[in-house]
Amino acid sequence: MKTAAFARSFWFALLPTAAVLLFCLHLSWKHEYRKLPPRIGAPIWAKSYVAFYDLDDNHGNIDYYLFHTGILGFGARIQQADLLLFGTSHVQFGLSAGQLGQKLSVAEGHPVKVFNLALASSVLSTIGDIVAANHLHDKPAVFDLFVLDNPAHNVAANFMLGALSSNDLDAYVQVGKCWTEFWRDWLLDDLLPNLRIGNPARHGKTIIFKRFLKFTAIRDSTNGDVIALWVPTGLVYPKSNQPGRPIDNSFQPYASLPNGGVGRHLQNNILQAQHIHAIYTLLPFDGSNLGTVPADAQPFIPISPNGLVTWDGSHLLGESRTLATERLFEGMEKLGIHIGPSTPP
């Protein structure tokens, strides 16, 4: 009885004390929080989704799981697309499937659906996997040539390997982990600080207040377009809190890559067997003139760097994405490329 009475007394004393401490911590954090950039807007169910969150974690990039397995309706939307966009993060941020679809629909006189299947660090082997896993065939696709290479010379990055061998259950688990962590941090971000123990000699503090929310990208569920990219210091895309940078070909960060980072034409037997009809392009980036576009990468649609602005020398900002997509559309029209209705699976 004495033990039970002590336990009751302990909890009756602890809970109010903890509540008061949390409330004081909340008030203190609110004062600091007002000085921070606003958190990213939350995704809207069935319209947008968190595509990657806190990329230090293996499950941080879930696009690989969604596009490989086709769960949550992604398989159907990919199948129903009349035109696909493939490439790395250059295409994720540099081309708009929604805008291109609207332009093509008017030009063709019938609805044209475009889906952005670009993946960060994508190589030809991951593209081939998506084509095979979704049983895609007889579809036109735009391929950005940045680091596009034959799978015999490229291996998927380590964080892709689990996704490319995943089943539906694996995908649901990884997506659930990513989205649960995002919503937990998004809800706590303006309520309480994320306390960390610091090194006084290095940080000048023993207790460090950090925000909960981490590196986040949100994409459109209907067409794969990136809607926003956010880091704890503020919004990066479609607008950045830092001045944009025009394309600078005097700076060549990819000079150590074969052909300056400009890839090869397609030689993938899966794509050929599935009759994926390639249209090539190359979104400008710092030093993109260092490489040579392969002569047999045809048809090729050049995109002029004039007026294009990046946030880091490689990835276009939102207004430049609009301009680059317009130039791609104009190039398709100039070459007489027509996009017909999608072939049923």
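# Questions on a predicted protein model

User: In this predicted model, which residues of strand β2 point the other way from Leu83 and Leu85?

Analyst: Strand β2 covers residues 83-86, and its residues are all buried. Leu83 and Leu85 point one way from the strand. Those that point the other way are Leu84 and Phe86.

User: What is the bridge partner of Leu85 in β3?

Analyst: Strand β3 consists of residues 114-116 and runs parallel to β2, with 3 bridges joining the two. Within this pairing, the partner of Leu85 is Asn116.

User: Which residue of β4 is the bridge partner of Phe86?

Analyst: β2 also pairs with strand β4, residues 139-144, in the parallel sense over 3 bridges. Phe86 points the other way from Leu83 and Leu85. Its bridge partner in β4 is Phe143.

User: Is Leu323 buried, partly exposed or exposed?

Analyst: Leu323 lies in helix α11. Its relative accessible area is 32%. Buried would require under 20% and exposed over 50%. Leu323 is therefore partly exposed.

User: How far apart in space are Leu323 and Asn306, C-alpha to C-alpha?

Analyst: Leaving out residues up to four places away in sequence, Leu323 touches Asn306, Gly307 and Leu308. Leu323 and Asn306 are 17 residues apart in sequence. In space, C-alpha to C-alpha, the separation is 9.7 Å.

User: Which backbone nitrogen does the side chain of Thr310 reach?

Analyst: Thr310 lies in strand β13, residues 309-310, and is buried with a relative accessible area of 0%. Beyond its neighbours within four places in sequence, its contacts include Gly244, Arg245 and His315. At 3.5 Å, its side chain reaches the backbone nitrogen of Asp312.

User: With which residue does the side chain of Arg245 meet in a salt bridge?

Analyst: Arg245 is in contact with Thr310 and is partly exposed, at a relative accessible area of 33%. The N to O distance of its salt bridge is 3.0 Å. The pair links strand β10 to the loop between β11 and β12, 41 residues apart. The partner in that loop is Asp286.

User: How many residues apart in sequence are the parts tied together by Arg39 and Asp190?

Analyst: Arg39 and Asp190 form a salt bridge whose closest N and O atoms are 3.7 Å apart. Arg39 is in the loop between α1 and β1, while Asp190 is in the loop between α8 and β5, so the pair ties together parts whose separation in sequence is 151 residues.

User: What is the relative accessible area of Asp185, which forms a salt bridge with Lys214?

Analyst: The closest N and O atoms of Lys214 and Asp185 are 2.8 Å apart. Lys214 is in the loop between β6 and β7, whereas Asp185 is in helix α8. Lys214 is partly exposed at 24%. Asp185 is buried, and its relative accessible area is 0%.

User: What share of the residues in the protein is buried?

Analyst: The protein has 11 helices and 13 strands. It exposes about 16,900 Å², of which carbon and sulfur atoms supply 61%. Of the 345 residues, the buried ones make up 47%.

Key. Residues numbered from 1 in each chain as written. Predicted model: local features only at pLDDT ≥ 70, side-chain atom pairs only at ≥ 80, totals over all residues. Heavy atoms only, no water. Helix = DSSP H or I, 4+ residues; strand = E, 2+ residues; numbered from the N terminus. Buried < 20%, exposed > 50% of the residue type's maximum accessible area, 1.4 Å probe, protein only. Contact = heavy atoms within 4.5 Å. Pairing = 2+ DSSP bridges. Polar contact = N/O pair within 3.5 Å; in protein donor to acceptor, adjacent residues only side chain to side chain. Areas by Shrake-Rupley, 256 points an atom, 1.4 Å probe, with all protein chains shown as cover. Salt bridge = Lys/Arg side-chain N within 4 Å of Asp/Glu carboxyl O.
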